[in-house]
Structures are given as structure tokens and as C-alpha cells.
Amino acid sequence: MPLNLTLAFSSHRPEILPLAEEQMTRCDQIIVEEPATPEFERLLAGKLSPEDYLQTIDFEYPDFMRATARLLQRLAGRGTEVWACEPFIERLMEIHEHLGDGGRPEDFRHDSRLWPVYAAEREATGRLLAFYNAAAENDFDRLLATVCTFAAADADRFALRDRLRARAIAERLKDREGRVYIEAGYLHLRLLKELRRLLPPEAVIRPYFLLRDVYRAAGRRAHFYGPGDRLTLALIFGQAPALERQHLLAARSLIYNRLIYMAESAPGDDLFPDAAEEILVIACVDRLTLTECRRLHARLRGLDSLAARRSLVGLPPPPA
């Protein structure tokens, strides 16, 4: 059987897991977007509970991570091969450990493994700090500029992550066959290009957006990206928009971030509450002009309550 890959693009939200499990159970091997650690291997072997595993990692969405850990432990127990692969994060962990032990940044300059990761992370972090400084000064024009420069550095970081991960996956699957599920965040579209470049021509790679049908049901042709994500993706693929367009996307992303409900929502009557929330807010901000964003940003700044901010633009209250 030739190598047959399902490259599944998804979000890190609980609502995605039933769709992911449906695809995973059809495959012989699962490659997840996590760094390989001894704790992860103990989780898969059933020697570490999902709750205890969560104590060893950093995470943004605890319900998602807990449910994912349970799912992977269950699949591994059935004999499915599960492999954690995220070389960028693994090398970043090495860098932090080296610096924590008293090492210096200069030590990485001649290390072809660690230096690109260190340089990319340093650049992105520096530009993020510049954004925070501009936000503190409430300078809207400078804020837009810092959003755009951070997006460029973030795009470079994404591209490096995808190149490193593609190389590791290609090496892992060399001379292998069968069905493979590859987990990827929805912004890691370059991974598809890199895998097609590195894997043999006979390998079948099927890109699959797990929330495709959800967005289509909402009248969207494909995944519905927010303005900041659209800017980052354009930069990832070397297609930088005109500066005026960059500033408009940056301005809309600032408003988006002030209106979106970020906490995890448990599926109920609506099986995809987080996707519905994103569709609602993106549709709202995509109508805004740069002038409207400037005015709204000033008005939203003084409102701490998310409900109050959403009321200002006519959005319903955040999910309970």
C-alpha cells in the first residue's frame, strides 16, 4: 500500500476532536503537533494520566489538551502508532535549558540546529514587545506598524517551523507505507508545500480542513480566517499585500482581538460554538474601514467588559 497521508488542519478547540478522531481511527500512524518528551511517551504507554501530563506542559486551552491526551492514550492503547513531532519547539526547549544553565546566546551562533530557531524566536519576541509598547502609548498609527512588523517576523517563524517539521516527517516516513494522520494548526499551510517537495512523488497527500463542512454550512467556501491570520498567511507565502492593505488588516485584527470570546466553549446545542463565534466576529470586523477601526479602537479602549465592547458594535453578548 503506498504512503497515504491525511494532513489535517485544525484549531485547538474541544469541538474539533470528534472530527479529528474520525480521521485518526482510519490511519495506522498519527503524527501530532507536539514536542517529543519523556512525559508524552509515558502518557502513551499509560504510565502517566492525562491530568498529570497536563502538569508537565504549557497550554492555552486546558479542556482541549486534556481531551486530546485522553484520545491519544486511548488510540495508542489500541495499537495505533502515535508520534510527537515539533522540532522547532523541541529546539526552543533546548535553548531555554541552555540559557537557564548559564549559557549565553552567542553559544548558538555556530550551531546550525539551534541558531535559526533562536534567531527567529528572538526577532518575533522583540517585535511583539514593540507592539506592547505601542499599545501602552495608545499610538494607533505606530500600533498598526508594529502589528505588521510582528506579522512578518511571525510568518518567518511559521515558515521555519514548517520546514523543520516537514524534514522530520519525511525522514520518519522514508521507506514507510500505509495511512498516516498528520495534525497541523490551520496556519501551517506551508507544511503541505514542504511535504510535497520532500516526499516521493508516489506519496498521496490529502489536505483536509476538519471544520470545512462547518464553514460551508455557514456560507463560506473554506476555512474562515480572521484579518490578522490573513495577513500572516500572505507573508508566509511571500505575497505581502500593499502597505495600505496591511494596515487595514492590522486595524481590523486589533478590533477583532477586542471583541472575540477567547475562552473554551463546551459544545451543546451548537456543536461548534467556537467556530460560530469566529464567524460572527470576523464578519463584523471585515466590514470596517480603517477610519472606523481607528474610531472604534479609541472607544473600545475604555471598556473592560467584553459584553460592553460587543454591545458597542451590535454583537450579541459573549457565550455564557
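What follows covers the cavities and a helix pair.

This is a predicted model, where local features need pLDDT of at least 70, side-chain atom pairs count only at pLDDT 80 or more, and totals for chains, interfaces and linings use all residues. Numbering starts from 1 along each chain as its sequence is written, and side-chain values use heavy atoms, with hydrogens and water left out.

Two cavities of 30 Å³ or more turn up in the structure. A cavity here is a set of points on a 1 Å grid over the protein atoms alone where a 1.4 Å probe fits but cannot get out, and lining residues have an atom within 4 Å of a point.

| Cavity | Volume | Lining |
|---|---|---|
| Largest | about 50 Å³ | seven nonpolar, three polar, one charged |

Residues lining the largest cavity include Ser10, Ile16, Met24, Phe64, Thr68 and Tyr181. Helix 1 (17-24), helix 4 (62-77) and strand 4 (178-185) each give two or more residues to that lining. Around the second largest cavity you'll find, among others, Glu34, Phe40, Tyr53, Met65 and Thr68. Helix 4 gives the most there, with four residues.

Now the helix pair. The axes of helix 10 (residues 227-236) and helix 11 (residues 243-259) come within 7 Å and cross at roughly 140°, so the two are oblique to each other.

Conventions
Axes are lines fitted to C-alpha atoms, for helices over the stretch in contact, and angles run from 0 to 180 degrees between N-to-C directions. Angles under 35 degrees count as roughly parallel, over 145 as roughly antiparallel, 65 to 115 as roughly perpendicular and the rest as oblique. On a 1 Å grid over the protein atoms alone, a cavity is a set of points where a 1.4 Å probe fits but cannot get out, and a pocket is an open set with protein on both sides within 12 Å along at least five of seven lines; lining residues have an atom within 4 Å of a point. Grid points are joined across faces, edges and corners, and a volume is the space filled by probe spheres set on the points. Ala, Val, Leu, Ile, Met, Phe, Trp, Tyr, Cys and Pro count as nonpolar, Asp, Glu, Lys and Arg as charged, and the others, Gly among them, as polar.
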